[in-house]
Amino acid sequence: MTRVQRGRGGWVSSSRGMVGARVAVMLCAILVVAGCSSKKAKQVNAPGPASPLGEQNQNGSSLSQFQNGSLGSGANGPLSDIHFGYNDYTIQPQDGDVLRSNAKWLNDHPQSRVQVEGHCDERGSEDYNIALGAKRAQAAKDYLVTLGVSPGRISTISYGKELPICTEQTEDCWAQNRRDHFAVSQ
Amino acid sequence: MRRRITNRIVPVYAALTSYSRLPLIAACGAVIVFALSVGAPAGAQPIKMYIQGPGSQLSAISISGLKDLGGDSDHSLSSEFVGTLRRDLELSGYFRIIDPHAYIEDPQTSGYQLGQFNFADWRSINSDFLVKGAVKVDGGNVQLTALLFDVAQQRRMMGKEFTGSASDAPRMARRFADAVLESTTGQNGPFDTKLAFVSTRGGRFKEVYTQTIDGQDPFRLTDNPTINIFPSWDRSARHILYLSYKSMEPALYLADLQAKRETRIVSSHGRVIGGAISPDGQRIVAAVEHAGTTNLFILTRDGEELAQLTDTSGINVSPAFSPDGSKIAFTSDRSGTPQIYVIPAGGGAAKRLTYSGDYNTTPAFSPSGDRIAYQSRHGRFDIFVIPSSGGEPKQLTDGEGSNEYPSWSPDGRYIAFSSTRSGRSRIYVLMVINQKIIGPLTEGKGDDTCPAWSWWLGE
């Protein structure tokens, strides 16, 4: 098992700066996704109300997929999810190959950016799961960085247990939901 | 000869006639002392009343219609007042409401003051307590008088006069219900308050709603197709703090319900993913995530940082202020599993409170500060309580469904929580002293979670 360690520190940026940077990343994502949305559009099974970010974002984040009803439809983009144990954020050995493959794709597409989304199963409190999802997203980001992907191309977000792709109360379902999803924006 | 008002056995569901589809779950035999302030008759002593949960003794109370002193000839105000009062006293867990069909006298022909009606009419239907009153409407102005009588001792226990508009009748009833509890138990009731919660009743998206404890005045605070969770109140019940993904990332918002505007709480340290307002409303304890690490900070409402409370490389979330604002309870994984800790609000060493169970979270201080309620996983979750200075945890819910998000009533006798005991997640209340489950307080489509019980609304 690979336990990704992180140091502390580096909490230096001003809030406005950080928010600004994120907004910039999101706007980039929207603009970039717009270019490839047409060929992906047919994978969206259940179009719902348009998201505030517009049609072109429909293969973007899990939240925008949830908004337009396509979450869990398999429109996952070029990178594969990885999965976690219960209440755990360590990268599992079998996911090393997935991350290497994801890193290779990112290294082959240097203009692309990725937002790593941490997700949790439905058990536990919403707030603890948001923090746990942040750990899971950061674990994958750190792993991708060790594989040569520039940290500046990788953002993270946690959706906690809010966006399950499987809603039955079974271990199999929970295992699918304990995931990092990689939303590529080019 | 004074009739004991204690030893009547009532069927399990009798106390909840209009909520009879709601489950009452077995509880253990705690004893409640009713400190009746018996003033007048000679030799009257405080009466001990034993309430041992469902199946045991509840006080029987009759709630008579209000006498129309002009302007309420269709008795609509009377019905609103009596209906709300009935519901609240049923929800209190202390009373069994005697069916109005059994009432002998007509409130419109009899009087409502002591000496103007016959206690025998109420004693004969085994009423321990009696509420009578009158209402007068003058223009848009409503004057409402309500009185509580001890039937056995044939004395007036308490009376209130309310003035307001016609739409205030339910609020008057909630305030009178609180006064009835104060008069019969020695402690003000919890009904002149609000409940905030999260629901998917409007569709797929979690939105924040408020309502009264008895299910009236539904109000939808958020309306965006994302995720809105964790509402919490300030003590004025004017502000609600909540987490929303409406900007497509998690952020904390402070909504002013009166001014109908809100501010986003930001931190220079990263994303704010949770928080709570201090009792004085001036500070916010925020869970701030950066690079996967979540720590707690004390911020002003403008986001200025006053103190960093935790500094671990793991998870520190679910902060809750003590009622005097001096301490913060929170959840941390520093031991390897989520456990409850308490730390001084000005910073200092964190003290670990929970040692049993491998997943303890969502701590909430009792209004007196002596206890902390939280949820603990053993299979699914149950609500537990532990002394805030440390000690033995006590399980309060019964293992039916998953029981989460404890939130104390301001009088400290009740805890609201969410439970899947009847399928969909609903908000329920438990009586802390005997673990009686009351509710659900919510209904309809969708799942209801994350309850937050406000302080008393005040004038």
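A residue is termed buried under 20% relative accessible area, exposed over 50%, and partly exposed in between. Asp358(B), at 36% relative accessibility, is therefore classed as partly exposed. The model is predicted, and the points below are grouped by topic.

**Surroundings of Asp358(B)**

- In chain B, Asp358(B) belongs to the loop that runs between strand E20 (351-352) and strand E21 (360-365).
- Leaving aside residues up to four places away in sequence, Asp358(B) is in contact with Thr337(B), Pro338(B), Gln339(B) and Arg377(B).
- With Arg377(B), there is a polar contact between the two side chains at 3.3 Å.
- Pro338(B) is 20 residues from Asp358(B) along the chain, and the C-alpha atoms of the two are 6.7 Å apart.

- Strand E4 (residues 179-184) of chain A contains His181(A).
- His181(A) counts as buried because its relative accessibility is 3%, and the cut-off for that class is under 20%.
- The side chain of His181(A) forms a polar contact of 2.8 Å with the side chain of Asp81(A).
- Beyond four places in sequence, the residues touched by His181(A) include Ser62(A), Asn76(A), Gln115(A), Val116(A), Glu117(A) and His119(A).

**Interface of chain A and chain B**

- Chain A contributes 44 residues to the contact and chain B contributes 51 residues.
- About 3900 Å² is buried between the two chains, and carbon and sulfur atoms account for 60% of that area.
- Two salt bridges are found across the interface of chain A and chain B.
- A salt bridge joins the side chains of Lys206(B) and Glu126(A), with an N to O distance of 3.5 Å.
- Between chain A and chain B, 10 residue pairs are in polar contact, with both residues at pLDDT 80 or more.
- On the side of chain A that touches chain B, two or more residues each come from H1, helix H2 (62-68), helix H4 (126-146) and strand E3 (154-160) of chain A.
- H4(A) gives the most to this side, with 10 residues.
- Classified by residue type, this side of chain A has 18 nonpolar, 17 polar and nine charged residues.

**Confidence in chain A**

- Chain A has a mean pLDDT of 75, with 68% of its residues at 70 or more.

Notes
Residues are numbered from 1 along each chain as its sequence is written. Chains are lettered from A and ligands numbered from 1 in the order in which they are written. Side-chain values use heavy atoms; hydrogens and water are left out. Helices (H or I, at least four residues) and strands (E, at least two) are DSSP runs, numbered from the N terminus. Buried means under 20% relative accessible area, exposed over 50%, partly exposed in between (1.4 Å probe, protein chains only). Contact means heavy atoms within 4.5 Å. A polar contact is a pair of N or O atoms within 3.5 Å; within protein, one must be able to donate a hydrogen and the other to accept it, and residues adjacent in sequence count only if both atoms are side-chain atoms. pLDDT is the predictor's confidence in each residue, from 0 to 100. Buried area is the accessible area (1.4 Å probe) that two parts lose on being put together, summed over both. A salt bridge is a side-chain nitrogen of Lys or Arg within 4 Å of a carboxyl oxygen of Asp or Glu. Ala, Val, Leu, Ile, Met, Phe, Trp, Tyr, Cys and Pro count as nonpolar, Asp, Glu, Lys and Arg as charged, and the others, Gly among them, as polar.
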